[in-house]
Amino acid sequence: MSSLRLLTPLQLNLTLARSYGKHNKKFLYKDGKKYENIIYYPRTPDHQDPPVEPAKLFRVQRIKPVKGNPFWEKRLLKDLGLDGKQSDFTVVKNIPENNARLWKIKHLIKVTPITFPYGEPTPQDIKHTILKENGECLVTKDIGPVEVRDAAREAFDKQPKRLDTELLRKDSRLKWLNPW
(Lines give C-alpha, C1' and ligand atoms only; values in the text may rest on other atoms or scores of the structure.)
Protein backbone atom coordinates (compact mmCIF):
# COMPACT_ATOMS: atom_id res chain seq x y z
CA MET A 1 0.00 0.00 0.00
CA SER A 2 1.16 3.38 -0.83
CA SER A 3 0.80 6.16 1.60
CA LEU A 4 -0.21 9.63 0.60
CA ARG A 5 1.82 12.41 1.96
CA LEU A 6 1.37 16.11 1.46
CA LEU A 7 4.17 18.11 -0.07
CA THR A 8 4.81 21.72 0.73
CA PRO A 9 5.62 24.27 -1.97
CA LEU A 10 9.24 24.32 -0.80
CA GLN A 11 9.51 20.60 -1.33
CA LEU A 12 8.08 20.90 -4.85
CA ASN A 13 10.48 23.77 -5.56
CA LEU A 14 7.70 25.90 -7.00
CA THR A 15 8.16 29.56 -7.46
CA LEU A 16 4.94 31.39 -7.58
CA ALA A 17 5.11 34.87 -9.00
CA ARG A 18 2.03 36.98 -8.96
CA SER A 19 1.93 39.94 -11.28
CA TYR A 20 -0.86 42.35 -10.67
CA GLY A 21 -1.14 45.59 -12.57
CA LYS A 22 0.22 46.74 -15.88
CA HIS A 23 3.43 45.66 -17.50
CA ASN A 24 6.24 48.15 -17.67
CA LYS A 25 6.27 49.38 -21.27
CA LYS A 26 9.52 51.26 -20.80
CA PHE A 27 11.21 48.03 -19.78
CA LEU A 28 9.57 45.77 -22.38
CA TYR A 29 9.67 48.18 -25.32
CA LYS A 30 12.87 50.13 -24.98
CA ASP A 31 13.81 50.38 -28.68
CA GLY A 32 11.00 52.69 -29.72
CA LYS A 33 11.46 55.73 -31.95
CA LYS A 34 9.54 58.81 -30.98
CA TYR A 35 7.75 60.85 -33.67
CA GLU A 36 6.21 63.92 -32.00
CA ASN A 37 3.68 62.34 -29.56
CA ILE A 38 3.78 58.80 -30.96
CA ILE A 39 6.28 56.08 -30.06
CA TYR A 40 6.89 53.72 -32.98
CA TYR A 41 8.35 50.24 -32.52
CA PRO A 42 9.92 48.97 -35.77
CA ARG A 43 10.19 45.22 -36.41
CA THR A 44 13.93 45.39 -37.00
CA PRO A 45 16.39 47.88 -35.49
CA ASP A 46 17.64 49.07 -38.91
CA HIS A 47 14.15 49.54 -40.40
CA GLN A 48 13.66 52.81 -42.30
CA ASP A 49 10.26 53.98 -43.48
CA PRO A 50 10.06 55.02 -47.13
CA PRO A 51 9.58 58.74 -47.70
CA VAL A 52 5.89 59.58 -48.04
CA GLU A 53 4.55 62.63 -49.85
CA PRO A 54 1.12 63.47 -48.37
CA ALA A 55 -1.75 64.08 -50.78
CA LYS A 56 -2.77 67.71 -51.29
CA LEU A 57 -6.44 66.85 -51.80
CA PHE A 58 -8.89 64.20 -50.57
CA ARG A 59 -11.93 62.76 -52.35
CA VAL A 60 -14.57 62.28 -49.64
CA GLN A 61 -17.69 60.16 -50.19
CA ARG A 62 -20.45 59.33 -47.71
CA ILE A 63 -20.95 55.58 -47.28
CA LYS A 64 -23.45 55.49 -44.38
CA PRO A 65 -26.90 57.08 -44.12
CA VAL A 66 -27.39 60.46 -42.45
CA LYS A 67 -30.53 59.36 -40.62
CA GLY A 68 -30.08 58.41 -36.99
CA ASN A 69 -26.86 60.35 -36.43
CA PRO A 70 -26.43 63.19 -33.93
CA PHE A 71 -27.00 66.75 -35.08
CA TRP A 72 -23.30 67.67 -34.99
CA GLU A 73 -22.42 64.87 -37.42
CA LYS A 74 -25.31 65.89 -39.70
CA ARG A 75 -24.05 69.48 -39.57
CA LEU A 76 -20.53 68.42 -40.56
CA LEU A 77 -21.89 66.35 -43.46
CA LYS A 78 -23.99 69.32 -44.59
CA ASP A 79 -20.98 71.69 -44.37
CA LEU A 80 -18.99 69.29 -46.57
CA GLY A 81 -21.90 68.98 -49.01
CA LEU A 82 -22.42 65.27 -48.34
CA ASP A 83 -26.02 65.45 -47.12
CA GLY A 84 -27.50 64.60 -50.53
CA LYS A 85 -27.25 61.31 -52.36
CA GLN A 86 -24.92 58.66 -51.03
CA SER A 87 -23.04 58.50 -54.34
CA ASP A 88 -22.13 62.20 -54.20
CA PHE A 89 -18.57 63.12 -53.32
CA THR A 90 -16.63 66.25 -52.54
CA VAL A 91 -12.98 67.30 -52.75
CA VAL A 92 -11.35 68.83 -49.67
CA LYS A 93 -7.87 70.17 -48.96
CA ASN A 94 -5.52 68.19 -46.74
CA ILE A 95 -5.20 70.74 -43.94
CA PRO A 96 -5.48 70.20 -40.16
CA GLU A 97 -8.90 71.89 -39.88
CA ASN A 98 -10.45 69.64 -42.52
CA ASN A 99 -8.69 66.57 -41.13
CA ALA A 100 -10.22 67.26 -37.70
CA ARG A 101 -13.69 67.49 -39.29
CA LEU A 102 -13.17 64.28 -41.25
CA TRP A 103 -11.92 62.49 -38.12
CA LYS A 104 -15.20 63.26 -36.32
CA ILE A 105 -17.26 61.61 -39.08
CA LYS A 106 -14.77 58.95 -40.18
CA HIS A 107 -17.30 56.16 -39.57
CA LEU A 108 -19.72 57.74 -42.10
CA ILE A 109 -17.34 58.55 -44.97
CA LYS A 110 -14.71 57.07 -47.26
CA VAL A 111 -11.61 59.22 -47.76
CA THR A 112 -9.41 58.64 -50.81
CA PRO A 113 -6.22 60.65 -51.46
CA ILE A 114 -6.17 62.27 -54.89
CA THR A 115 -3.10 61.48 -56.99
CA PHE A 116 -1.94 63.09 -60.21
CA PRO A 117 -0.16 60.38 -62.24
CA TYR A 118 0.37 62.65 -65.26
CA GLY A 119 1.00 65.90 -63.39
CA GLU A 120 -1.32 68.49 -61.89
CA PRO A 121 -3.79 70.21 -64.21
CA THR A 122 -3.30 73.82 -65.26
CA PRO A 123 -6.21 76.31 -65.39
CA GLN A 124 -6.55 75.61 -69.13
CA ASP A 125 -6.88 71.85 -68.48
CA ILE A 126 -9.83 72.09 -66.07
CA LYS A 127 -12.37 71.22 -68.80
CA HIS A 128 -10.40 68.10 -69.71
CA THR A 129 -9.91 66.72 -66.18
CA ILE A 130 -11.44 63.46 -64.93
CA LEU A 131 -11.45 62.33 -61.27
CA LYS A 132 -11.76 58.56 -60.98
CA GLU A 133 -13.24 56.68 -58.02
CA ASN A 134 -9.82 55.41 -56.90
CA GLY A 135 -8.57 59.01 -56.55
CA GLU A 136 -6.63 59.32 -59.80
CA CYS A 137 -7.01 62.72 -61.43
CA LEU A 138 -6.43 62.33 -65.16
CA VAL A 139 -5.98 65.16 -67.63
CA THR A 140 -7.16 64.37 -71.16
CA LYS A 141 -5.63 66.93 -73.47
CA ASP A 142 -7.56 68.34 -76.41
CA ILE A 143 -5.78 66.97 -79.48
CA GLY A 144 -7.35 69.38 -81.97
CA PRO A 145 -8.14 68.74 -85.65
CA VAL A 146 -6.04 66.29 -87.60
CA GLU A 147 -5.54 66.85 -91.35
CA VAL A 148 -6.05 63.16 -92.20
CA ARG A 149 -9.44 63.12 -90.47
CA ASP A 150 -10.50 66.32 -92.19
CA ALA A 151 -9.61 64.89 -95.61
CA ALA A 152 -11.50 61.64 -94.89
CA ARG A 153 -14.57 63.60 -93.77
CA GLU A 154 -14.57 65.72 -96.95
CA ALA A 155 -14.18 62.60 -99.12
CA PHE A 156 -17.12 60.96 -97.34
CA ASP A 157 -19.33 64.04 -97.77
CA LYS A 158 -18.60 64.11 -101.52
CA GLN A 159 -19.49 60.44 -102.13
CA PRO A 160 -22.69 60.08 -104.15
CA LYS A 161 -23.52 56.63 -102.70
CA ARG A 162 -23.40 57.61 -99.05
CA LEU A 163 -26.46 57.07 -96.91
CA ASP A 164 -27.74 60.47 -95.89
CA THR A 165 -31.02 61.33 -94.15
CA GLU A 166 -33.00 62.11 -97.29
CA LEU A 167 -32.00 58.86 -99.03
CA LEU A 168 -32.88 56.78 -95.96
CA ARG A 169 -36.26 58.51 -95.64
CA LYS A 170 -37.17 57.81 -99.29
CA ASP A 171 -36.05 54.20 -99.09
CA SER A 172 -38.01 53.59 -95.85
CA ARG A 173 -41.16 55.13 -97.36
CA LEU A 174 -40.93 52.93 -100.47
CA LYS A 175 -40.49 49.81 -98.35
CA TRP A 176 -43.50 50.83 -96.24
CA LEU A 177 -45.69 51.29 -99.28
CA ASN A 178 -44.42 48.16 -101.11
CA PRO A 179 -43.59 45.57 -98.46
CA TRP A 180 -43.57 42.58 -100.92
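Biologist: What makes K106 a charge over the face of W103?

Modeller: K106 lies 4.1 Å from the ring centre of W103; a charge sits over a ring if NZ of Lys or CZ of Arg is within 6 Å of the ring centre and within 35 degrees of the ring normal. R59 likewise lies over the face of F89, at 4.1 Å from the ring centre. This is a predicted model, in which local features need pLDDT of at least 70, side-chain atom pairs count only at pLDDT 80 or more, and totals for chains, interfaces and linings use all residues. Residues are numbered from 1 along each chain as its sequence is written, and side-chain values use heavy atoms, with hydrogens and water left out.

Biologist: Why is the aromatic pair of F71 and W72 called edge-to-face?

Modeller: Their centres are 5.0 Å apart and their planes stand at 80 degrees. Rings of Phe, Tyr and Trp (its six-membered ring) pair if their centres lie within 6.5 Å, and planes under 30 degrees apart count as stacked, over 60 as edge-to-face and the rest as tilted; the pair is therefore edge-to-face. A search of the whole structure finds one aromatic pair.

Biologist: Why does F71 count as exposed?

Modeller: The relative accessibility of F71 is 56%, and exposed means over 50% relative accessible area, buried under 20%, partly exposed in between (1.4 Å probe, protein chains only). W72, with 47%, is therefore partly exposed.

Biologist: How do you know that strand β3 pairs with β5?

Modeller: Five bridges join β3 (residues 57-62) to β5, and the two run antiparallel; strands pair if DSSP finds at least two bridges between them. The bridge partner of F58 in β5 is P113.

Notes. Helices (H or I, at least four residues) and strands (E, at least two) are DSSP runs, numbered from the N terminus.
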